[in-house]
Amino acid sequence: MKIIRYKSNPVLTKENVLFKVNSIFNPGAVKYKGKYLLVCRVEMPNGRSSFVLAESNDGYAFKVHEKPFLTPEDHKDCFDYVEWGIEDLRVTSLNGKYYLTYTGYSKYMPLVILAETTDFKEVKIHGPITEPSNKDCSLFPGKINGYYWKVDRPSAENRRDIWISRSPDLIHWGGYKVLMQPEEGSWEQDKIGASSNPIKTDKGWLMLYHGVRGFGISSLYKLGVVLLDLNEPWKVIGKSLEPILSPETEYERVGDVNNVVFSNGWIVEDDGSVKIYYSGADTNICVAETSINYLISVCR
Ligand code: BMA
């Protein structure tokens with residue numbers, strides 16, 4: 001199975017949200033109590049983002065909750081760092097909890113916030129786990145060599161590389177290493193960022209990522225995939241030679257930000273098929289299906 005867009009994409013648009021929003025997009029995704037749960041970014045009329053939950057029994061027909069799940073104002077102890085919005089959440093199941101990593105946006109520029117929940121009602125916010133500028137943080141769903149691991153995308157002096165680091169407790173991080181650099185002269189030449197938590201396979205950790213190439217005032221966002229060594233996750237052992245998903249359809253080409261496919265959530269089924277939740281043009285939520293075997297096969 002290659003990558004197949006769901007025939008009735010998009011699965012969610014702002015018309016499905018019961019309160020007033022500019023857009024719903026870039027969801028984190030997880031299976032929770034047998035349901036498909038999306039933690040969706042909603043851009044509010046003032047241009048600042050919050051999160052709202054959407055749930056589904058089949059992964060395609062989603063119902064959006066009536067009220068936001070998490071807002072900047074919920075961040076009592078670190079409001080200064082999320083004042084301009086919270087964005088692009090990744091969910092990782094670890095130690096019987098769900099860890100949430102997302103971008104806090106403010107005058108200090110983006111940084112990564114960590115929070116946790118067990119029931120998607122009560123959220124414990126740990127606060128920033130990076131300094132600015134940093135975003136696109138995903139956690140590995142298990143310990144490796146006795147440590148927790150994260151990938152993220154610091155941006156200094158025009159660098160836009162993916163870095164990996166480790167922690168004994170998810171709060172204190174160190175051992176920083178460059179994991180991947182944008183490939184010059186290619187579809188991902190300007191910046192790259194991890195999409196969602198890596199999936200453990202017998203061939204390595206499978207990680208989805210986005211790559212960007214700018215053309216004048218516009219940028220093209222596409223998705224690729226890499227395979228990381230199981231025991232030494234800072235080693236890339238395979239990489240898709242070309243994007244696995246690019247903006248092609250009307251709902252991916254035209255919207256608030258044209259020509260974008262962006263993902264920060266995927267769900268693996270027991271049969272090895274994968275649902276990639278993604279957004280077209282920063283305006284909607286879509287799903288595309290593929291399989292672990294196909295994604296591994298394109299990593300060379
Ligand atoms: C990135 C993030 C995403 C967004 C993408 C395309 O930098 O801000 O939220 O989807 O740009 O506009």
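Around the ligand stand Asn26, Arg41, Asp88, Lys135, Lys191, Tyr221, Val257, Val260, Phe262 and Asp282, where a residue is near a molecule if one of its heavy atoms lies within 4 Å of it. This is a predicted model, in which local features need pLDDT of at least 70 and side-chain atom pairs count only at pLDDT 80 or more, while totals for chains, interfaces and linings use all residues. Residues are numbered from 1 along each chain as its sequence is written, and side-chain values use heavy atoms, with hydrogens and water left out.

By class, the shell around the ligand has four nonpolar, one polar and five charged residues; here Ala, Val, Leu, Ile, Met, Phe, Trp, Tyr, Cys and Pro count as nonpolar, Asp, Glu, Lys and Arg as charged, and the others, Gly among them, as polar. The table lists polar contacts, each a pair of N or O atoms within 3.5 Å.

| Residue (polar side-chain atom) | Distance to an oxygen atom of the ligand |
|---|---|
| Arg41 | 2.8 Å |
| Asp88 | 2.5 Å |
| Lys135 | 3.3 Å |

Taken alone, the ligand exposes 300 Å², and the protein buries 85% of that, the accessible areas coming from the Shrake-Rupley method with a 1.4 Å probe.

Turning to the cysteines, the structure holds zero disulfides, a disulfide being a pair of cysteine sulfur atoms within 2.5 Å. Cys78 is in no disulfide, and the nearest cysteine sulfur, that of Cys137, is 15 Å away. Cys78 is also buried, with a relative accessible area of 5%, where buried means under 20% relative accessible area, exposed over 50%, and partly exposed in between (1.4 Å probe, protein chains only). Cys286 is likewise in no disulfide, with the nearest cysteine sulfur, that of Cys40, 12 Å away, and Cys286 counts as buried at 0% relative accessibility.

Key. A polar contact is a pair of N or O atoms within 3.5 Å; within protein, one must be able to donate a hydrogen and the other to accept it, and residues adjacent in sequence count only if both atoms are side-chain atoms.
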